[in-house]
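Here is a short briefing to keep beside the viewer. It starts with the overall fold and then turns to one helix pair.

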Amino acid sequence: MNQVIIALDGGLGNQMFQYAAGRALALRSGARILLDARNIHAQGLRTYGLGEFALGGEISLLADGKPPRNGRLGRMWAWLTGAPPTFREAGFPFDERISRLGADVRLEGYFQSERYFADATDVIRRDFTPRDTLRAQIETLADSLLPDGASVSVHVRRGDYASPAIMATHGLLAADYYDRALRLVAERAGATTACVFTDDPAWVRAHLRLPTETRFISEHTQNPLQDLMLMSRCTHHITANSSFSWWGAWLDPSPNKVVVTPSQWFQATHGLDTRDLRPAGWLQT
């Protein structure tokens with residue numbers, strides 16, 4: 001049977017984008033999926049993050065061994081060994097060439113646009129359902145941590161974003177972004193309880209002051225996947241410039257949600273074209 005090989009790279013949010021693009025292609029072409037996590041393991045900076053999801057379809061995981069070579073030598077090696085051809089996204093915007101691909105292909109890139117999997121949204125949301133044991137934990141956490149009334153997830157990304165190398169690409173969002181975003185949510189949806197998710201709970205507790213009732217959810221969770229699933233349970237969403245909270249907002253299927261995103265996703269000096277990053281209806285400030 002033909003297969004779509006998905007070259008995984010980056011953190012959980014990036015891996016989810018890569019999987020979603022490959023899953024949609026596999027559905028269109030009737031192929032099975034091979035998740036290639038060798039590059040993640042070789043770098044040693046991230047870990048394979050999709051294992052706790054109830055992924056569907058025919059899927060196998062390749063985790064051991066050296067990742068394939070890049071460049072001319074890599075293409076020659078692939079030709080000699082009969083490996084599937086590699087499709088690399090041309091840039092950050094949606095690459096329309098993917099619609100002409102069939103099965104037996106290797107995908108390399110980040111594919112950070114809903115357009116790559118817009119024809120498979122129900123399947124992708126189902127695939128990104130946690131496995132049974134984690135689902136039970138999330139239900140318990142949701143009951144104890146999330147408010148009964150309207151809520152808005154607020155994601156504050158620090159961690160590696162605070163390092164000079166990563167900050168040069170992404171930058172850190174200023175506090176006034178969250179003030180503007182909360183005003184937009186209030187204008188469209190009324191009063192909400194802010195549910196704060198972050199990879200730096202101590203810093204956020206000390207420095208973030210929001211003009212609404214606030215709950216610091218990440219002080220009570222144990223891993224990023226719990227945060228992601230609890231984000232998706234909120235009524236509305238304020239993302240960081242992060243694929244992680246992009247998915248937290250997207251996994252919420254409600255047609256009535258208000259989603260606010262930063263207008264500058266990357267540092268302006270990088271000149272990346274983000275026109276296809278946000279789904280229709282998501283706001284910017």
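**Overall picture**

The protein chain holds ten helices and eleven strands. Please keep in mind that this is a predicted model.

**Size and packing of the chain**

- For 285 residues, a compact globule would have a radius of gyration near 19 Å, and the protein chain agrees with this, as its own value is 19 Å.
- Taken along the principal axes, the box filled by the C-alpha atoms of the protein chain is roughly 60 × 45 × 35 Å.
- Of the 285 residues in the protein chain, 49% are buried.
- Among contacts in the protein chain with a separation of 6 or more, 67% are between residues 24 or more positions apart.

**How α1 and α10 cross**

- Helix α1 spans residues 12–29 and helix α10 spans residues 243–250; their axes come within 7 Å and cross at roughly 60°.
- Because of that angle, α1 counts as oblique to α10.
- The crossing in which α1 passes α10 is left-handed.

**Who meets whom**

- On the α1 side, the residues that meet α10 are Leu12, Gly13, Asn14, Met16, Phe17 and Ala20.
- Their partners in α10 are Ser243, Phe244, Trp246 and Trp247.
- By type, the residues of this contact of α1 with α10 comprise seven nonpolar and three polar, with no charged residue.

Note on methods. Residues are numbered from 1 along each chain as its sequence is written. This is a predicted model: local features need pLDDT of at least 70, side-chain atom pairs count only at pLDDT 80 or more; totals for chains, interfaces and linings use all residues. Side-chain values use heavy atoms; hydrogens and water are left out. Axes are lines fitted to C-alpha atoms, for helices over the stretch in contact, and angles run from 0 to 180 degrees between N-to-C directions. Helices (H or I, at least four residues) and strands (E, at least two) are DSSP runs, numbered from the N terminus. Angles under 35 degrees count as roughly parallel, over 145 as roughly antiparallel, 65 to 115 as roughly perpendicular and the rest as oblique. A crossing is left-handed if the near helix is turned anticlockwise from the far one by less than a right angle, and right-handed if clockwise. Contact means heavy atoms within 4.5 Å. Ala, Val, Leu, Ile, Met, Phe, Trp, Tyr, Cys and Pro count as nonpolar, Asp, Glu, Lys and Arg as charged, and the others, Gly among them, as polar. The radius of gyration is taken over C-alpha atoms; the globule rule is 2.2 Å times the number of residues to the power 0.38. Buried means under 20% relative accessible area, exposed over 50%, partly exposed in between (1.4 Å probe, protein chains only).
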